[in-house]
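Please keep the sequence and the structure in view while reading.

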Amino acid sequence: MFKRYASLFGLIICCISFKTFSQQKTDPETIRPKMAWFEDAKLGIFIHWGIYAVNGIDESWSFYNKKISWPDYMKQLNGFTASKYDPAAWADLIKTSGARYAVLTTKHHDGVALWNTKENHYSIAKNTPAKRDVLTPFYAELRKRDIKVGAYFSLIDWSHPDYPGFLKDSSRYKAANDTAKWNKFRSFFQSQINELSNQFNPDLFWFDGDWEHSAAEWESEKVRSGILARNPNAIINGRLMGYGDYDTPEQNVPVSRPKFNWWELCMTVNNNWGFQHKDTNWKTPAQIIALFADVVSHGGNLLLDIGPREDGSIPAQEVTVLKELGSWNKKHSEAIFGTQAGIPAGHFYGPTTISKDSTTLYLFLQGHTQGQIMIKGLSNQIKDITVVGKGTKLTHQVVGKISWSPVPGLIYIDVPAMSIDKYMTVLALKLDKPVSLYRGKGGFE
Ligand code: H79
């Protein structure tokens with residue numbers, strides 16, 4: 001993944017693809033009501049499950065980038081058993097993590113559907129020893145637990161004989177030069193999207209691969225209106241060439257706050273989306289939790305990816321991360337779920353969130369911070385400070401308040417060692433009124 005981003009070419013194209021989102025065709029005010037659950041959800045679990053787990057190689061990209069031939073890649077169909085697949089256990093784990101939605105790869109760029117597609121093309125049900133639709137039971141288990149259902153669907157289908165793209169330096173044809181063939185492919189992929197829509201009615205469609213064609217070529221408008229005709233509340237991610245609802249930075253953590261109304265960072269627990277035996281670069285629970293707090297502080301969601309093995313078992317490190325994240329979420333729920341983005345950078349050196357009514361400010365303490373922490377430019381009176389999930393009351397001191405100046409004093413809070421969390425301590429500051437900040441440069445302004 002990182003290697004793919006490494007080339008300047010890739011970077012330039014990525015910038016272009018992000019730019020397309022700013023030319024979004026959807027009006028934020030019209031979609032605001034349906035985005036409410038997404039905005040409050042904060043955490044989703046992404047699942048990349050497919051035949052690529054058999055050899056443990058890059059999902060689809062391995063043959064596209066010619067690390068393996070396409071026939072050898074497709075031989076993995078014979079090894080996909082789903083023999084230990086337990087959709088109830090998957091859903092339990094997702095619930096435990098605190099996530100409010102889950103997005104499963106219904107079909108990656110390799111064209112292999114996880115459901116029993118009616119179209120004449122590859123599926124786990126027809127072409128693997130698993131011999132069944134693995135989507136239906138998982139979605140049912142999610143819904144039983146009140147977890148929103150997301151369907152990742154790749155617009156690109158490099159295994160389809162009617163799709164123009166195939167390998168990185170060889171395409172089958174150009175869409176513009178063979179309209180009949182391209183139309184055949186379009187009616188195929190539109191039918192698959194209709195199947196997903198009608199059979200599963202996902203709360204969220206997560207498209208991928210839009211960069212290979214324009215909005216007109218993908219018939220993005222038709223895709224969007226078809227989905228919304230079936231379910232006006234369905235949310236569509238921002239990879240439909242301008243016809244999505246929210247932006248989707250991938251693997252790259254924003255440093256400054258994104259300007260989009262809604263955004264979601266998708267990120268892997270190790271370095272890869274699908275299961276890969278050799279990849280042991282596991283992020284630790286502490287790193288994931290700090291990252292999650294950072295994303296929420298900037299008003300985004302985290303879509304954290306796991307990659308089950310071909311048999312459906314989930315690697316222990318991913319189970320651990322989800323469980324640890326879950327226990328931290330349970331303890332700090334009020335500071336995360338249903339909050340809004342925190343105060344701008346500069347007032348406090350760490351992530352922050354604000355309650356919906358704006359009268360509670362949550363401070364997330366990096367690492368194992370203890371001792372004195374400081375906030376600048378907070379004009380409010382603090383009524384009360386507690387350690388979230390513990391209830392311990394903390395004291396504070398206002399330092400350097402000058403009577404004739406409108407600039408608020410510095411607020412120092414004592415954080416005793418006994419209050420700190422194993423991963424990230426959170427403080428709740430109850431304020432006298434909605435949060436009010438001094439944003440000046442000092443002096444008299
Ligand atoms: O499913 C996972 C990945 O397989 C897929 N999206 C996640 C969720 C994905 N892989 N890479 N990308 C998305 C990013 C694509 C980067 C690109 Fe490019 C840069 C596409 C176009 C420019 C590099 C250069 C790849 C093709 C040309």
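This is a predicted model: local features need pLDDT of at least 70, side-chain atom pairs count only at pLDDT 80 or more; totals for chains, interfaces and linings use all residues.

The residues of H13 (residues 220-230) that are buried are Ser220, Val223, Arg224 and Ile227. These residues lie on the same side of H13, because they cover an arc of only 95° around its axis. An α-helix has 3.6 residues a turn, so residues three or four places apart point the same way. Glu221 and Ala229, by contrast, are on the other side of H13 and are exposed.

## Packing of helix H8

Helix H8 (residues 87-97) has Pro87, Trp90, Ala91, Leu93, Ile94 and Ser97 as its buried residues. Seen down the axis of H8, these buried residues fall within an arc of 160°, so they line one face of the helix. Their packing partners are strand E1 (43-47), strand E2 (101-107), helix H10 (135-144) and H15. Just after H8 comes Gly98, which takes a positive phi of about 95°.

To the contact, domain 1 contributes 19 residues and domain 2 contributes 18 residues. Between them, domain 1 and domain 2 bury about 1,600 Å², with 58% of this area on carbon and sulfur atoms. Of the area that domain 1 buries against domain 2, Lys331, Glu334 and Ala335 supply 31%, which is more than any other three residues.

Three salt bridges are found across the interface of domain 1 and domain 2, and eleven residue pairs are in polar contact across that interface, with both residues at pLDDT 80 or more. On the side of domain 1 that touches domain 2, helix H14 (285-297) and helix H15 (316-336) each supply at least two residues, and the largest share, eight residues, comes from H14. Among the charged pairs of the model, Lys422 forms a salt bridge with Glu324, in which the closest N and O atoms are 2.9 Å apart.

Is His298 buried or exposed? His298, whose place is in the loop between H14 and strand E7 (301-306), is buried, with a relative accessible area of 16%; the cut-off for that class is under 20%. When residues up to four places away in sequence are not counted, His298 touches Val255, Arg257, Pro258, Trp263 and Ala341.

Which value does phi take at Lys66? Although Lys66 is not a glycine, its phi is positive, at about 60°. Lys66 has its place in the loop between helix H6 (61-64) and helix H7 (70-74), and with 46% relative accessibility Lys66 counts as partly exposed.

Met241 is likewise a residue other than glycine with a positive phi, here near 50°. Met241 is found in the loop between E5 and strand E6 (264-268), and at 17% relative accessibility Met241 counts as buried.

Terms used:
Residues are numbered from 1 along each chain as its sequence is written. Side-chain values use heavy atoms; hydrogens and water are left out. Buried means under 20% relative accessible area, exposed over 50%, partly exposed in between (1.4 Å probe, protein chains only). Helices (H or I, at least four residues) and strands (E, at least two) are DSSP runs, numbered from the N terminus. The arc is that of the directions from the helix axis to the C-beta atoms. Contact means heavy atoms within 4.5 Å. Buried area is the accessible area (1.4 Å probe) that two parts lose on being put together, summed over both. A salt bridge is a side-chain nitrogen of Lys or Arg within 4 Å of a carboxyl oxygen of Asp or Glu. A polar contact is a pair of N or O atoms within 3.5 Å; within protein, one must be able to donate a hydrogen and the other to accept it, and residues adjacent in sequence count only if both atoms are side-chain atoms.
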